[in-house]
Amino acid sequence: MNGVHDMGGMHGMGPVVIERDEPVFHASWEARVHALQRATSFLGKWNIDMSRFSRERMPPAAYLAATYYERWLFGLQTLLVEERLVTAQELATGRAATKAGETALLRASDVAALMRGRLSTRVAADVPPKFKPGDPVVARRINPVGHTRLPRYVRGRRGTVHIDHGVFVFPDTNAMSRDPKAQHCYSVRFDARELWGPQAAARDSVYLDLFDDYLDAV
């Protein structure tokens, strides 16, 4: 969707400040939010793309004012209510109104193995590629109301397929309807001047991982 979370190419946001010796968490509640997110996702009620889309729906002014884990908390609360694991009233009061119906539990003894597991949306499907390395392509001009991984600043711009990464779950449909719609994902090279205009350095390029459904042949 076209929201403030899609900040690539936007001006006025200030410099990226790198914190020296930055801790993993800046407060204990951030660690708790991270743990809650992992524990509840263990139930299998949502996928990674649904999780991303839940955070993207945070009201724009609140999103810009929020910290990283405040956005995570908003997304987690959204999914908990949408998937009927809790009610909005239960979240507001902090008290359970009904007996929990879920039996799947993430036990302390299983946490280490879960955290070591590599999260991948690659699928073993025999899907023919639409493009090959060296093909000229143009990113589609789309303005979806749902989740997408196609940045605004690249839509309508021409690039060249650099690498075919293989077949993966398509995030747009996976987030909205749990439809994997397996397809190829490519590394696509865009000249900086194609994206930013003649003031960009002539030798600079930007590489983006883009799916079949984001691209048209030139």
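Student: Is Asp-21 buried or exposed?

Tutor: The structure is a predicted model. In it, Asp-21 belongs to the segment before helix 1. Residues over 50% relative accessible area count as exposed. Because Asp-21 has a relative accessibility of 71%, it counts as exposed.

Student: What is the phi of Asp-21, which is not a glycine?

Tutor: Asp-21 lies in the segment that precedes helix 1. Although Asp-21 is not a glycine, its phi is positive, at about 55 degrees.

Student: Is Gly-3 buried or exposed, and which residue lies 56 residues apart from it along the chain at a C-alpha separation of 9.1 Å?

Tutor: Gly-3 is also placed in the segment before helix 1, which spans residues 28–41. Its relative accessibility is 16%, so Gly-3 counts as buried. The residue whose C-alpha atom is separated by 9.1 Å from that of Gly-3 is Pro-59.

Student: At what angle do helix 1 and helix 4 pack?

Tutor: Helix 4 covers residues 68–82, and its axis is 10 Å apart from that of helix 1. The crossing of these two helices is left-handed. Their packing angle is about 35 degrees.

Student: How many nonpolar, polar and charged residues make up the contact of helix 1 with helix 4?

Tutor: From helix 1, the residues taking part include Trp-29, Val-33, His-34 and Leu-36. Among those they meet in helix 4 are Tyr-69, Trp-72, Leu-73 and Leu-76. By class, the contact has eight nonpolar, three polar and two charged residues.

Student: Why does His-34 count as buried?

Tutor: His-34 is found in helix 1. Leaving aside residues up to four places away in sequence, His-34 touches Phe-25, Tyr-69, Trp-72 and Met-115. A residue under 20% relative accessible area is called buried. His-34 is therefore buried, since its relative accessible area is 18%.

Student: How many of the nine residues of helix 2 are buried?

Tutor: Helix 2, residues 48–56, is mostly covered. What covers its buried residues includes helix 1, helix 3, helix 4 and helix 7. The buried residues include Met-50, Phe-53 and Arg-55. Of the nine residues in helix 2, the number buried is seven.

Student: Which residue has a side-chain oxygen within 3.0 Å of the backbone nitrogen of Asp-49?

Tutor: Asp-49 is one of the buried residues of helix 2. At the start of this helix, the side-chain oxygen that reaches to within 3.0 Å of the backbone nitrogen of Asp-49 belongs to Asn-47.

Notes:
Residues numbered from 1 in each chain as written. Predicted model: local features only at pLDDT ≥ 70, side-chain atom pairs only at ≥ 80, totals over all residues. Heavy atoms only, no water. Helix = DSSP H or I, 4+ residues; strand = E, 2+ residues; numbered from the N terminus. Buried < 20%, exposed > 50% of the residue type's maximum accessible area, 1.4 Å probe, protein only. Axes fitted to C-alpha atoms, helices over the stretch in contact; angles between N-to-C directions. Left-handed = near helix turned anticlockwise from the far one by under 90°. Contact = heavy atoms within 4.5 Å. Nonpolar A, V, L, I, M, F, W, Y, C, P; charged D, E, K, R; others polar. Polar contact = N/O pair within 3.5 Å; in protein donor to acceptor, adjacent residues only side chain to side chain.
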